[in-house]
Amino acid sequence: MIIRMFRFYCILFILNCFRIVFISSCAHAIDVKVIVHPGIQDAISVNDIRNIFLGKKTQWNNNQRIRFVLFTEEKTYQAFITNYVQKTLYQYRNYWRKKVFTGTGMMPIMFSKSAQCIDFVNRTKGAISFIPSNYIVSNRVREVILNEQ
Amino acid sequence: MIISRSSRFYLLLLIVLITTDANALTYEKIHIHGFVSQGYMVSDHNNYLADTSSGTLEFNDAAINISRQFYPNFHIGCQLYTRDIGNVGNHKVEIDWAFADYRMTDLIGFRLGKIKIPHGLYNETRDIDMLRTFIFLPPVYYDISRSTINAMNGIDIYGNYQFETLGNLEYQILNGVKRIEADSGWSRYMERRGMDITSFDSDYVQCGKLTWYPNIEGLRLGVSGILFDMNADAEIDMLPLPPQYRISGPDLEYRLRNFIVSVNYIEYTLREIIFAAEYMTFRGDLAIKTLAPGLKQIVSEIPIKTDSFYLSMTYRLTDYLEMGGYYAVFWPDASDTNGKTLLPNYLGWHKEAALCFRFDITNYLTLKGETHLMDGGALMMPQDNPEGVEQRTALFLLKLAFSF
């Protein structure tokens with residue numbers, strides 16, 4: 001019976017591997033903008049963004065601690081993580097779960113509303129986050145123009 | 001009122017399921033997380049890790065951790081862990097990790113306390129079922145070795161450096177000591193040689209890990225190694241073992257010197273597909289001596305040369321369904337991969353193909369089904385198979401895990 005189940009799994013596995021061929025690159029139509037505390041004047045690259053949100057880059061150029069927060073509205077969150085951190089949402093959640101369950105990190109701060117993100121970034125030195133690109137932020141936070149490298 | 005360890009485990013499971021709202025418990029800067037899992041194993045021939053030929057539920061674990069952030073770059077935390085897999089664990093609660101973590105700069109940080117050993121791709125997360133596709137990791141992470149390479153007490157220096165064009169380099173260097181319980185999985189491994197370990201004493205332990213993330217999206221590769229000496233006192237066990245496992249003599253000292261476990265690994269993520277491969281080697285000198293006064297002669301001196309590797313692929317089909325497979329090989333003596341010096345010869349290898357399905361019922365609840373086809377008896381414990389080890393085994397596993 002176990003061998004029959006193994007064969008069944010094999011067939012399913014092979015069939016699903018064919019699906020891989022037809023996967024098209026997930027185009028995330030939602031645009032996001034990255035925002036930082038107004039006191040941060042560093043030039044920021046896409047690589048920096050990736051390293052910051054993976055907890056690998058922890059300081060700005062002036063040694064100020066980086067405090068990143070996640071905006072968890074599903075579409076914006078997914079678009080940001082896919083395009084900037086280059087992971088799927090599932091992989092990104094597991095990345096931080098791994099840190100939590102091995103003690104090497106704590107879950108990032110998360111907000112479900114753009115206004116909460118802006119408020120946090122505005123009042124926290126060294127803070128960085130992201131929000132939908134159509135959200136107007138006035139001058140309470142600085143919108144980042146990213147360098148390619 | 002006396003409550004058995006099993007009852008305590010299920011009580012903990014019940015409390016966790018009732019009291020959590022499937023989210024982490026977070027109070028300001030204090031975070032509490034945990035998981036609990038229950039599995040079922042059944043095999044057609046040999047018993048693997050437990051009494052699987054008649055089906056067993058002795059396959060569960062649970063953990064709870066608490067962490068507090070004092071500053072953005074300083075936190076402390078602790079995790080308690082308990083498990084039962086066959087005769088190992090038996091729901092004894094252990095401190096899985098407990099340390100203070102200070103990240104001075106990106107390039108350097110320090111951890112002090114009991115720290116998970118960063119070994120290969122998945123050693124640190126080997127107990128955390130919801131972080132992977134498979135129920136059983138390949139034999140590179142053989143369950144019996146958990147007690148030896150899971151965690152150690154000491155200091156960890158870690159960091160990472162971002163090169164302009166070469167990508168990102170991460171490192172970890174640990175120095176400290178390692179405590180191994182006499183009733184650990186390693187003892188079970190020694191039982192196959194007819195020894196009943198009464199105490200373990202491990203000296204200085206060093207380990208290191210270097211991972212490179214080149215500027216190729218989704219690729220990481222690296223190397224890790226553990227170096228330690230291990231001493232153990234053993235009694236000759238009276239288990240009815242087959243003759244080829246027996247070593248005759250009085251009580252023994254078992255000494256493993258310059259024992260080095262190293263792994264080379266590579267992982268490539270292509271959107272929802274993850275390919276991984278690891279090659280692990282064990283090298284060291286095993287000396288077994290009699291302990292009786294005046295009888296210090298060496299009974300046996302054996303060079304250890306064990307190799308293992310696997311290739312795996314996982315694919316996340318939808319938000320709730322994932323599947324994966326691997327092929328793995330383990331040679332207890334890499335200089336005799338065909339088992340020519342063993343009787344029967346198939347004790348000289350363990351080859352395994354596994355296929356797994358994972359269903360994420362919610363973000364916090366997963367159900368997995370997994371089938372293994374195994375060839376060879378190198379990882380089949382004779383004490384689990386007193387009537388002898390057969391060459392081929394099919395194993396089916398189910399596991400339900402909840403995390404918060």
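Select A:Q86 first. With 16 C-beta neighbours inside 10 Å, this residue counts as partly exposed. A:Q86 sits in the loop that runs between α3 (74-85) and α4 of chain A. Its phi is positive, about 60°, although the residue is not a glycine. Most residues other than glycine have a negative phi. Note that the model is a predicted one.

B:N90 counts as partly exposed, with 16 C-beta neighbours inside 10 Å.

For a further backbone feature, select B:L343 and B:P344. The peptide bond joining them is cis, with omega about -5°. B:P344 belongs to the loop between β14 and β15 (350-360) of chain B. Most peptide bonds are trans.

**Chain A: overview and sheet**

Of the 149 residues in chain A, 32% are buried. Among contacts in chain A between residues at least 6 apart in sequence, 68% link residues at least 24 apart.

Colour the strands. The five of them form an open sheet, in the order β3-β2-β4-β1-β5, with mixed pairing. At the edges are β3 (109-111) and β5 (142-143) of chain A, each of which pairs on one side only. Now pick out strand β1 (residues 32-36) and strand β4 (residues 127-132) of chain A: the two run antiparallel and are joined by five bridges. To see one of the paired positions, select A:V32, whose bridge partner in β4(A) is A:P132.

**Helix α5 of chain A**

Select residues 114-123 of chain A. This is helix α5, which lies across β1, β2 (67-71), β3 and β4 of chain A and runs at about 155° to β4(A). Which residues of α5(A) are buried? They are A:S114, A:C117, A:I118 and A:V121. These residues lie on the same side of α5(A), because they cover an arc of only 95° around the axis. An α-helix has 3.6 residues a turn, so residues three or four places apart point the same way. The cover over the buried residues of α5(A) includes β1, β2, β3 and β4 of chain A. Turn the view to the other side of α5(A), where A:A115 and A:R123 are exposed.

Switch to chain B. It has three helices and 17 strands. Of its 404 residues, 44% count as buried. Residues 24 or more positions apart make up 61% of the contacts in chain B with a separation of 6 or more.

Select B:I117, B:I226 and B:F330. Among the 68 residues in the largest nonpolar core, these three touch the most other members. Strand β14 (residues 321-331) of chain B gives the most to this core, with six residues. Keep B:I226 and display what surrounds it: leaving aside neighbours within four places in sequence, B:I226 is in contact with B:I117, B:H119, B:I149, B:V205, B:C207 and B:V261.

A second, separate core has 27 residues, including A:I40, A:F80, A:C117 and A:A127.

**B:N46**

From B:V261, move to B:N46. The two are 215 residues apart in sequence and 28 Å apart in space, C-alpha to C-alpha. B:N46 is in the loop between β2 (30-43) and β3 (59-71) of chain B. Is B:N46 buried or exposed? B:N46 is buried, as 23 other C-beta atoms lie within 10 Å. Not counting residues up to four places away in sequence, B:N46 touches B:M380, B:N385, B:V389, B:E390 and B:T393.

**Where the chains meet**

Finally, show both chains. The contact takes 31 residues from chain A and 41 residues from chain B. On the side of chain A that touches chain B, the elements giving two or more residues are α1 (2-21), α2 (46-53) and α4 (89-102) of chain A. α1(A) gives the most to that side, with nine residues. Coloured by type, the residues of the side of chain A that touches chain B divide into 14 nonpolar, 11 polar and six charged.

How values were computed
Residues are numbered from 1 along each chain as its sequence is written. Chains are lettered from A and ligands numbered from 1 in the order in which they are written. This is a predicted model: local features need pLDDT of at least 70, side-chain atom pairs count only at pLDDT 80 or more; totals for chains, interfaces and linings use all residues. Two residues are in contact if their C-beta atoms, placed from the backbone, lie within 7 Å. Helices (H or I, at least four residues) and strands (E, at least two) are DSSP runs, numbered from the N terminus. Ala, Val, Leu, Ile, Met, Phe, Trp, Tyr, Cys and Pro count as nonpolar, Asp, Glu, Lys and Arg as charged, and the others, Gly among them, as polar. A nonpolar core is a set of buried Ala, Val, Leu, Ile, Met, Phe, Trp, Tyr and Cys residues joined through C-beta atoms within 7 Å. A residue is buried if 20 or more other C-beta atoms lie within 10 Å of its own, exposed if 12 or fewer, and partly exposed in between; C-beta atoms are placed from the backbone. Two strands pair if DSSP finds at least two bridges between them. Axes are lines fitted to C-alpha atoms, for helices over the stretch in contact, and angles run from 0 to 180 degrees between N-to-C directions. The arc is that of the directions from the helix axis to the C-beta atoms.
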